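Me: Hi! I've just opened this one and would like to go through it with you. Shall we start with a sheet?

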Amino acid sequence: NVQVDGIDEQDIVKTDGQYIYLLRSGELVILRAAGADTEVLSQTQIGIDWENEAGNEQEYSEQYKWPSGMYVANGRVIVLSSCYSYHSYRENDVWNYDSQDYTCVDLYDVSDPEQPVLAESLGQDGSLQDSRLNGDRLYLVTGWYADDPQAERPETYVPAVYRGGERSLIAPGDICICPRNESARYTNVSVINVNA
């Protein structure tokens with residue numbers, strides 16, 4: 001059930017005719033589709049809800065990851081999640097902090113549906129606005145706001161992309177700022193080859 005023929009849209013339940021894939025309570029659940037004999041083959045935890053005060057009043061961290069949709073293509077399940085991490089610490093009576101609000105794209109190899117394997121974890125700054133899958137190309141659109149830009153810290157005003165948890169700022173040549181635009185809000189667009 002899609003709006004454009006051949007262009008897939010994310011959902012929380014997908015099937016390839018043989019297996020049913022669903023996101024439930026932060027888990028990827030894979031079932032063998034067999035009518036009354038349908039059975040659960042695997043349950044993979046994807047969501048994270050974690051806080052740590054480091055046992056003192058000088059440091060605090062939290063991390064959240066909530067799956068919101070997925071695609072199934074070519075033996076892979078592509079899970080899109082909203083991710084947020086925050087870390088603050090006190091140094092010389094001054095509080096410092098770093099936060100990241102981004103959309104995560106986890107690519108699971110499900111060639112063995114009983115043992116899904118995380119093949120790659122990618123992402124980009126911002127909240128998920130929309131996505132589409134066209135063949136092996138995932139189009140991902142997020143919105144990101146630079147809420148506290150600091151001249152000496154480019155990560156506070158330049159959006160980033162992620163690969164395996166590593167953060168890389170988007171190159172200046174890949175950023176367009178419209179004339180007379182006073183907003184610090186970015187629309188980030190990427191195309192991910194889910195097979196490569």
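Me: Which residue in strand 14 does Leu-138 stand opposite?
Reply: Leu-138 faces Ile-192 in strand 14. Strands here are DSSP runs of E with at least two residues, helices are runs of H or I with at least four, and both are numbered from the N terminus. Before we go on, this is a predicted model, in which local features need pLDDT of at least 70 and side-chain atom pairs count only at pLDDT 80 or more, while totals for chains, interfaces and linings use all residues. Residues are numbered from 1 along each chain as its sequence is written, and side-chain values use heavy atoms, with hydrogens and water left out.

Me: Thanks! How many bridges join strand 11 to strand 14?
Reply: There are 9 bridges, and the two strands run antiparallel. Strands count as paired if DSSP finds at least two bridges between them.

Me: And what is the order of the strands in that sheet?
Reply: It is an open sheet of 3 strands, ordered 10-11-14, with antiparallel pairing. Strand 10 (127–134) and strand 14 (185–193) are the edge strands, each pairing on one side only. On average, neighbouring strands of this sheet are turned by 15° against each other, direction ignored. Those angles are taken between axes, which are lines fitted to C-alpha atoms (for helices over the stretch in contact), and run from 0 to 180 degrees between N-to-C directions.

Me: Where is Arg-137, then?
Reply: Arg-137 sits in strand 11. With a relative accessible area of 35%, Arg-137 is partly exposed. The cut-offs are under 20% for buried and over 50% for exposed, with partly exposed in between (1.4 Å probe, protein chains only). From Arg-137 to Val-194 the C-alpha to C-alpha separation is 6.2 Å, although they are 57 residues apart in sequence.

Me: Zooming out, how many helices and strands does the protein chain have?
Reply: The count is 0 helices and 14 strands. The C-alpha trace spans about 65 × 50 × 25 Å along its principal axes, and 36% of the 196 residues are buried.

Me: What about the open sheet with 4 strands?
Reply: That one has the order 1-2-3-4, with antiparallel pairing. Strand 1 (13–15) and strand 4 (39–45) are at its edges with a single partner strand each, so one side of each has no neighbour in the sheet. The twist from one strand to the next averages 20°. Strand 3 (residues 27–32) and strand 4 are joined by 6 bridges, and Arg-32 stands opposite Glu-39 in strand 4.

Me: Which loop holds Ser-25, and is that residue buried or exposed?
Reply: Ser-25 is in the loop between strand 2 (19–24) and strand 3, and is exposed at 68% relative accessible area. Its phi is near 50°, a positive value in a residue other than glycine. Asn-74 also has a positive phi, near 50°; Asn-74 lies in the loop between strand 6 and strand 7 and is exposed at 58%.

Me: Changing topic: how many aromatic pairs are there?
Reply: There are 4 aromatic pairs. Rings of Phe, Tyr and Trp (its six-membered ring) pair when their centres lie within 6.5 Å; planes under 30 degrees apart are stacked, over 60 edge-to-face, and the rest tilted. One of the pairs is Tyr-60 with Tyr-86, which is tilted, at 6.4 Å centre to centre and 55° between the planes. Tyr-60 is in strand 6 (residues 59–73) and Tyr-86 in strand 7 (residues 76–91), so the pair ties together parts 26 residues apart in sequence.

Me: Why is the pair of Tyr-102 and Tyr-162 called stacked?
Reply: Their ring centres are 4.2 Å apart and their planes are at 20°, so the pair is stacked. Tyr-102 belongs to strand 8 and Tyr-162 to strand 12 (residues 160–163), so-called distant parts of the chain, 60 residues apart. Tyr-102 is buried at 15%, and Tyr-162 is buried at 6%.

Me: Last one: which residues lie nearest the centre of the largest pocket?
Reply: Ser-99, Gln-100, Trp-144, Tyr-145 and Asp-147, out of 21 lining residues. Strand 8 gives the most to the lining, with 5 residues. A pocket is an open set of points on a 1 Å grid over the protein atoms alone, where a 1.4 Å probe fits, with protein on both sides within 12 Å along at least five of seven lines; lining residues have an atom within 4 Å of a point.
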